[in-house]
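Me: I would like to learn how to read a fold from its coordinates. Please take me through this one, feature by feature.

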Amino acid sequence: MAIRKANKLSQSAVLKKILKRCSSLGKKVQGYDEEGLPVDVPKGHFVVYVGENRSRYIVPISFLARSEFQNLLQRAVEEFGYDHDMGLTIPCEEYVFQSLTSMLRERPERET
């Protein structure tokens, strides 16, 4: 049984920190627009790096609301923290990430 820390951030706070960190990466670098966003990433999507080779994936922002994806983000925070220059890196095997994102695309979020 895990003991939760009293000062642990809420999931929404974690997501906001991750997105803020990602939006500040790559500013004023070739391939980015004037707002610092990659030109090859469609609106409503963001970039993550996955696996040992840090393969680049573009995923919809809607994944952030899914508990399965939030679990991956929490693992990323635990492994890498917030203050690093590697972009949003997901610490899992590529085939696991591909399976998860495929499932998330096929199975819409249940309405509550």
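Reply: Start with a definition. A nonpolar core is a set of buried Ala, Val, Leu, Ile, Met, Phe, Trp, Tyr and Cys residues joined through side-chain atoms within 4.5 Å. Buried means under 20% relative accessible area, exposed over 50%, and partly exposed in between, with a 1.4 Å probe and protein chains only. As for the source, this is a predicted model, in which local features need pLDDT of at least 70 and side-chain atom pairs count only at pLDDT 80 or more, while totals for chains, interfaces and linings use all residues. Residues are numbered from 1 along each chain as its sequence is written, and side-chain values use heavy atoms, with hydrogens and water left out.

Me: Which residues have the most contacts inside the largest nonpolar core?

Reply: The general idea first. In soluble globular proteins, nonpolar side chains tend to be buried together. Here the largest core has 16 residues, and Val 48, Phe 69, Ile 90 and Phe 97 have the most contacts inside it. At least two core residues come from each of strand S1 (45–50), strand S2 (55–60), helix H2 (67–80) and helix H3 (94–106). Helices (H or I, at least four residues) and strands (E, at least two) are DSSP runs, numbered from the N terminus.

Me: What is Ile 90 in contact with, leaving aside its neighbours within four places in sequence?

Reply: Contact means heavy atoms within 4.5 Å. By that rule, and with those neighbours set aside, Ile 90 touches Val 48, Tyr 49, Val 50, Gly 51, Leu 72, Leu 73 and Phe 97.

Me: What pattern does the chain follow along the sequence?

Reply: The order is α-β-β-α-β-α. That comprises 3 helices and 3 strands. Of the 112 residues in the chain, 30% are buried. Among contacts with a separation of 6 or more, 52% join residues 24 or more positions apart.

Me: In what order do the strands form the sheet?

Reply: Two strands pair if DSSP finds at least two bridges between them. Here 3 strands form an open sheet in the order S2-S1-S3, with mixed pairing. S2 and strand S3 (89–90) are at the edges with a single partner strand each, so one side of each has no neighbour in the sheet. S1 and S2 are antiparallel, paired over 6 bridges. His 45 stands opposite Pro 60 in S2. S1 and S3 run parallel and are joined by 2 bridges. Across that pairing, Tyr 49 stands opposite Thr 89, and Val 50 stands opposite Ile 90.

Me: Is S1 mostly covered or uncovered?

Reply: S1 is mostly covered, with 5 of its 6 residues buried.

Me: Now the helices. Which residues of H2 are buried?

Reply: Check the span first. The expected span of a helix is 1.5 Å times one less than its number of residues. H2 has 14 residues and reaches 20 Å from first C-alpha to last, close to the 20 Å expected. Its buried residues are Phe 69, Gln 70, Leu 72, Leu 73, Ala 76 and Val 77. They cover an arc of only 155° around the axis, which puts them on the same side of H2. The arc is that of the directions from the helix axis to the C-beta atoms. Exposed Glu 78 and Glu 79 are on the face turned away from the buried side. Just after H2, Gly 81 takes a positive phi of about 75°.

Me: Why do the buried residues of H3 line one face of the helix?

Reply: The residues in question are Phe 97, Leu 100, Thr 101 and Leu 104. Seen down the axis of H3, they fall within an arc of 95°, so they line one face. These buried residues pack against S1, S2, H2 and S3. The face turned away carries exposed Tyr 95 and Glu 106.

Me: Where is Arg 66 placed?

Reply: Arg 66 is in the loop between S2 and H2. At 8% relative accessibility, Arg 66 counts as buried. Arg 66 and Leu 104 are 38 residues apart in sequence and 8.2 Å apart in space, C-alpha to C-alpha.
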